[in-house]
Amino acid sequence: MTDYSAPLADMRFVLEHVARLSEVADLPGYEHADLDTVMGLAEEAGRFYAEQFSPLNRIGDRQHSRRNQDGSVSTPEGFGKAYQRWVEAGWPAVPFPPEYGGGGFPWLVGIVMQEMMTAANMAFSLCGLLTQGAIDMLLHYGSEEQRETYLPKMVTGEWTGTMNLTESQAGSDVGALATRAVPADDGTWRITGQKIFITFGEHDLADNIIHLVLARVPDAPAGTKGISCFIVPKFLVNDGPGVGRGSLGERNAVECVSIEDKMGIKASPTCVMAYDGAVGYLISEPNQGMRYMFKMMNTARLSVGLEGLAVGDRAYQAAVAYATERVQGNPVGAPSAGAAIVEHADVRRMLLTMKAQIEAIRCISYLNAACIDLASRHPDEGVRSARAELADLLTPITKGWGTDLGNELTSLAIQVHGGMGYVEETGVAQHYRDIRIAAIYEGTNGIQAIDLASRKLGLRGGGVMADLLAAIDATAAEATAAGGELGEVGRRLAEANASFRSTTEWLMANGLADPQNALAGATPYLRMAGIVTGGWLLTRSAIAAVALRSRGGAGGVHGYNADFLDQKLVTARFYATQLLPQAAGLVSAVTAGPTDLYAATF
Ligand SMILES: Cc1cc2nc3c(=O)[nH]c(=O)nc-3n(C[C@H](O)[C@H](O)[C@H](O)COP(=O)(O)OP(=O)(O)OC[C@H]3O[C@@H](n4cnc5c(N)ncnc54)[C@H](O)[C@@H]3O)c2cc1C
């Protein structure tokens with residue numbers, strides 16, 4: 001089994017030439033996030049995750065988190081110590097505001113850290129990920145008192161957070177939830193109901209768990225318009241702001257009644273949580289919970305999309321290592337002594353398919369994160385709103401395509417391993433099992449596709465998508481005009497974008513008028529959007545690599561050696577000739593409409 005090694009050069013290249021970290025570092029408050037500082041941080045974080053989290057990945061898979069008779073939950077051996085080291089090193093705080101003890105780095109930097117943490121140990125990473133979601137909610141919508149009471153301990157990781165949306169009858173349809181909140185005389189609320197599938201709902205890693213719970217207040221409107229969001233701490237916090245802030249009081253009436261036996265991420269306790277008149281604190285206004293959740297969706301969905309990249313990359317690293325060691329067969333024309341399987345064309349095809357798609361989804365994810373940063377802090381209102389729009393458009397692509405790829409990449413990694421991939425010994429089967437959930441939670445990929453093909457396509461009357469299509473065409477034209485090695489890449493990108501444009505126009509004409517058309521074609525459309533957007537950013541990478549190479553000569557320049565830059569071109573060419581043409585093949589599925597889907601009987 002191979003260890004994880006953070007792909008620092010690739011990360012740096014995307015930060016510098018695709019996501020444009022320098023623009024983010026120009027934003028007020030982010031001046032310290034220059035490339036050298038960020039890469040120094042990334043190097044240290046990469047080492048930390050490889051040494052502390054990665055060795056626990058297999059242990060977690062074997063031992064699982066377990067619920068004890070008294071309702072407490074024990075995480076696997078070594079998790080508690082590693083968590084403490086994580087907190088002591090300050091890693092959870094990196095992307096949060098300094099006033100709550102955070103490192104004050106942009107989201108883009110947080111995403112780089114998250115990629116490494118997730119690749120090292122996806123199950124473990126979920127504790128931090130859910131806490132991050134809860135922090136984000138409190139930062140945006142918590143009162144000053146709530147922020148001061150909870151955030152300092154959550155930002156450091158001393159307390160963790162959860163998100164409680166799902167109930168047995170309310171999964172994708174969150175509006176069907178039935179957990180009740182009734183007002184108490186002292187201005188607090190009493191929460192009663194049962195939530196299922198709550199990640200790290202109970203555990204032994206931290207002193208307190210701050211549950212964010214969606215519930216209905218009396219006389220709330222039906223559906224999503226009647227959802228409110230509450231803070232429900234596992235232990236009540238004695239004193240609000242000021243003296244004794246953060247000291248723990250009584251145990252609240254919330255408990256983990258069982259944990260799920262799952263296919264993967266076995267170290268992450270997935271809890272059924274019972275709230276029995278638990279004390280809760282309303283976040284901001286009643287009946288606005290869904291609106292608040294929507295606001296935070298971009299960051300949460302980006303983080304889950306990133307799981308596909310992270311675990312896919314970990315599986316890719318294992319596949320490369322295995323392919324260079326495993327001797328089997330002889331490539332054509334080679335002596336008969338046997339060769340490592342990496343010499344076979346079909347194995348190389350699998351590895352390069354993985355490498356190219358990993359690079360493509362890293363480009364999309366980091367660009368998505370940079371857009372979120374620019375949208376929140378850029379001094380120019382026009383730039384803020386343009387970046388917010390692009391972030392809105394990219395988010396379902398990052399989440400949906402990123403996690404679909406996570407499944408495909410880990411499956412390919414098993415294929416590279418042959419039979420040894422199917423047995424547990426090599427560890428690659430665990431990646432396949434672990435990542436399977438990412439296409440399901442945080443809005444299933446079917447829901448992401450519907451979001452893209454209906455709500456997002458309609459943004460600014462289709463103008464936001466039109467801007468993306470125009471940007472892709474401009475890059476294609478630039479590469480085509482450059483000619484040489486870039487010419488073919490540019491032409492292929494233009495062809496694929498023509499398919500993307502024609503299906504977009506079809507959906508604009510037929511999908512907005514009759515939603516069934518959009519619903520029926522949404523999933524192939526999201527796939528096409530991922531393939532073409534990935535091709536766009538790999539073409540931009542290739543253009544940057546050619547420019548750097550011509551400036552730096554054979555020795556390379558700016559920290560990238562010539563071989564690294566050559567490889568960027570190889571990847572872009574392979575993607576352009578072998579993966580981008582899939583876009584044209586999806587046109588008919590996007591535009592087929594619902595007739596046959598409803599003609600079929602099941
Ligand atoms: C390991 C794990 C961890 C989780 N962690 C959390 C957590 O921390 N907090 C939390 O609140 N929840 C959590 N969840 C719940 C998760 O978010 C839900 O499972 C998910 O939202 C899907 O809901 P569901 O399982 O009820 O599936 P369903 O909603 O029943 O969906 C089943 C299928 O039907 C499709 N479908 C449903 N509705 C539509 C529609 N309108 N149009 C088209 N297709 C549709 C779906 O895409 C899917 O393919 C977790 C789940 C798991 C398994």
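The model is predicted. Its largest pocket has a volume of about 1500 Å³, and its second largest pocket holds about 1000 Å³ of space. Helix 9 gives the largest share of the lining of the largest pocket and also contributes the most to the lining of the second largest pocket.

**The largest pocket**

- The lining of the largest pocket consists of 50 residues.
- Nearest the centre of this pocket lie Thr166, Ile440, Tyr441, Glu442 and Gly443.
- Two or more lining residues come from each of helix 7 (122-141), strand 5 (189-199), helix 9 (289-325), helix 13 (428-435) and helix 14.
- Helix 9 supplies ten residues to this lining, the largest share.
- Sorted by class, the lining of the largest pocket comprises 24 nonpolar, 15 polar and eleven charged residues.

**The second largest pocket**

- The second largest pocket is lined by 37 residues.
- His140, Lys295, Thr299, Ile372 and Ser376 are the lining residues nearest the centre of this pocket.
- At least two lining residues are supplied by each of helix 7, helix 9, helix 10 (345-377), helix 11 (381-417) and helix 14.
- With eight residues, helix 9 gives the most to the lining of the second largest pocket.
- The lining of the second largest pocket divides into 18 nonpolar, seven polar and twelve charged residues.

**The nonpolar surface patch and Ile450**

- Ile447, Ile450 and Leu519 together make a nonpolar surface patch of about 220 Å².
- Of these residues, Ile450 is located in helix 14, which spans residues 445-456.
- Ile450 counts as partly exposed because its relative accessibility is 32%, a value between the cut-offs of 20% for buried and 50% for exposed.
- Helix 14, which holds Ile450, is also among the elements that line the largest pocket and the second largest pocket.

**Ile341 in a loop**

- Ile341 belongs to the loop between helix 9 and helix 10.
- Ile341 is buried because its relative accessible area is 8%, and buried means under 20%.
- Between Ile341 and Tyr366 there are 25 residues of separation in sequence and 33 Å in space, taken from C-alpha to C-alpha.
- The two helices on either side of this loop, helix 9 and helix 10, both supply residues to the lining of the second largest pocket.

Technical notes: Residues numbered from 1 in each chain as written. Predicted model: local features only at pLDDT ≥ 70, side-chain atom pairs only at ≥ 80, totals over all residues. Heavy atoms only, no water. Patch = residues over 30% accessible without salt bridge, like charges linked within 9 Å, V, L, I, M, F, W, Y side chains within 5 Å. Areas by Shrake-Rupley, 256 points an atom, 1.4 Å probe, with all protein chains shown as cover. Salt bridge = Lys/Arg side-chain N within 4 Å of Asp/Glu carboxyl O. Helix = DSSP H or I, 4+ residues; strand = E, 2+ residues; numbered from the N terminus. Buried < 20%, exposed > 50% of the residue type's maximum accessible area, 1.4 Å probe, protein only. 1 Å grid on protein atoms, 1.4 Å probe; cavity = no way out; pocket = protein on both sides within 12 Å on 5 of 7 lines; lining within 4 Å. Points joined across faces, edges and corners; volume = space filled by probe spheres on them. Nonpolar A, V, L, I, M, F, W, Y, C, P; charged D, E, K, R; others polar.
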